[in-house]
Amino acid sequence: MYQEVVIIEVKEDYSLAMSRSGQVIRIKNKAGMHVGARIYVTEEDLFQSAATDKVVPMRSKRKGSAKPWWKALALAAMALLLIGTGTWASQWLQRENALAVGQNPSVQITTNRDQQVTGVYDANAQPHSDSELKGKGLNEVLEDLLGSIKYPENENILVAMTKTDEESMRKIEAAISKYFQDSGYSGDLIFLRGETNEFRAAKEAGRSYTSYLVDQYQLDIWNKDQNDDLSDQEKASRLSGHGSFRSINNQEQEDEKDKEKEDKEDEKKEEKNESQQSSNDSKAQNQQNNQHDQSAPAGNQPQTAPENSTPRHRPAPQPSQPAPAQPAPQPSQPQNPPLYYPSGDDDDWDDDDWDDDWDDDWDDDDWDDD
């Protein structure tokens with residue numbers, strides 16, 4: 001169980017620290033420990049003095065025995081908590097928490113103890129003073145915050161937060177996980193936990209909180225291509241105790257996205273085929289029209305000169321002459337049906353009769369008179 005304490009005195013073998021409840025404890029010294037530092041400790045960090053075989057000399061009783069030194073120190077520490085906001089104790093109680101999502105791009109916010117947003121920053125720790133999120137509750141703006149950036153497709157999403165009580169951190173992690181679950185994200189969510197002073201250091205360096213913690217602890221962060229290859233134990237080992245992860249698998253939504261993608265590709269193919277078919281039909285129609293023109297009578301086609309023939313001068317057009325008037329058609333005379341004479345009747349039609357008639361006409365007097 002984590003417990004946040006403040007270092008109030010550093011000794012040779014151990015340090016004195018005060019918890020939020022005002023209890024003063026002795027803890028093992030760590031590198032870089034100094035008065036005023038805020039750290040998280042566990043039961044393993046508590047300092048226990050080794051037993052000694054030294055003989056403690058007896059002392060004579062005195063009037064008004066002195067109070068134990070640790071009681072006096074505790075009273076002094078409690079007094080410091082009651083001093084105004086200008087002291088380090090009040091600043092600790094009024095600390096700001098930080099939450100960062102993504103590496104690059106990234107969005108970062110700070111909140112007060114009431115989880116109200118006090119600041120908004122980009123991946124370079126540049127403040128957004130005109131942000132509409134300021135002054136609102138974290139639960140109220142969390143979805144807008146998570147949806148404000150575009151995440152790389154092949155990378156898992158990193159979330160960094162300053163350490164608070166365990167229950168609050170788990171609630172935040174659960175809310176973030178639910179958002180990405182509902183939004184169709186598939187991959188690992190990697191939650192890193194750091195100190196407030198590390199967030200300040202990241203701001204001073206102009207970096208995102210997530211990137212700063214990765215470099216600070218030299219973490220080997222994996223990408224989506226490695227999600228299935230690494231076991232849960234290997235992933236936890238890569239975080240080196242500085243965070244946790246959650247795997248989100250939205251296979252159904254991934255299948256739906258793939259199906260939508262395939263449907264769009266099919267639609268494009270159909271449109272392309274229709275366009276190609278329309279073009280082919282148009283070409284076929286043009287060829288049919290050309291063949292029809294070529295098979296038309298020559299009189300309807302304009303005469304074109306051969307390619308190699310020399311052009312000839314055409315005579316100037318002559319004025320057209322009126323066509324001669326055609327005589328009016330005469331009414332047709334009814335024709336008598338031909339007479340039929342039997343072939344055996346030679347008395348009525350013979351050579352003598354023809355000759356007599358012809359001779360009479362030829363020797364007519366009228367002919368002589370003319």
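**Aromatic pairs, cores and a sheet**

Student: Is Phe199 buried or exposed?
Tutor: The model is a predicted one. Phe199 has a relative accessible area of 4%. The cut-off for a buried residue is under 20%, so Phe199 counts as buried.

Student: How are the rings of Tyr121 and Phe199 set to each other?
Tutor: This is one of seven aromatic pairs in the structure. The ring centres of Tyr121 and Phe199 lie 6.3 Å apart, and the planes meet at 75°. Planes over 60 degrees apart count as edge-to-face. The pair of Tyr121 and Phe199 is therefore edge-to-face.

Student: How many residues apart in sequence are the parts that Tyr121 and Phe199 tie together?
Tutor: Tyr121 counts as buried, at 12% relative accessibility. Tyr121 belongs to strand S7 (residues 117-122), whereas Phe199 belongs to helix H5 (residues 196-205). The pair therefore ties together parts whose separation in sequence is 78 residues.

Student: Which helix holds Tyr209, which pairs with Phe199?
Tutor: Phe199 and Tyr209 form an edge-to-face pair, 5.3 Å centre to centre with 75° between the planes. Tyr209 counts as buried, at 0% relative accessibility. Phe199 lies in H5, so its pair with Tyr209 ties together parts ten residues apart in sequence. The helix that holds Tyr209 (residues 209-216) is H6.

Student: What is the distance of Arg26 from the ring centre of Tyr14?
Tutor: Arg26 lies over the face of Tyr14. Its distance from the ring centre is 5.1 Å.

Student: Which element gives the largest share of the largest nonpolar core?
Tutor: The largest nonpolar core has 25 residues, and those with the most contacts inside it are Leu99, Ile157, Val159, Ile176 and Phe180. Several elements each supply at least two residues of this core, among them strand S5 (97-101), helix H3 (138-146), strand S8 (157-162) and helix H4 (166-182). The largest share is five residues, and the element that supplies them is H3.

Student: What is the bridge partner of Val10 in S2?
Tutor: Strand S1 (residues 3-10) pairs with strand S2 (residues 14-19) in the antiparallel sense, over five bridges. In S2, the bridge partner of Val10 is Ser15.

Student: How far apart in space are Gly241 and Leu192, C-alpha to C-alpha?
Tutor: Gly241 lies in the loop between helix H7 (232-239) and strand S10 (243-248). At 58% relative accessibility, Gly241 counts as exposed. Gly241 and Leu192 are 49 residues apart in sequence, yet their C-alpha to C-alpha distance is 9.2 Å.

Note on methods. Residues numbered from 1 in each chain as written. Predicted model: local features only at pLDDT ≥ 70, side-chain atom pairs only at ≥ 80, totals over all residues. Heavy atoms only, no water. Phe/Tyr/Trp six-rings, centres within 6.5 Å; stacked < 30°, edge-to-face > 60°. Helix = DSSP H or I, 4+ residues; strand = E, 2+ residues; numbered from the N terminus. Buried < 20%, exposed > 50% of the residue type's maximum accessible area, 1.4 Å probe, protein only. Lys NZ or Arg CZ within 6 Å of the ring centre and 35° of its normal. Core = buried A, V, L, I, M, F, W, Y, C linked by side-chain atoms within 4.5 Å. Pairing = 2+ DSSP bridges.
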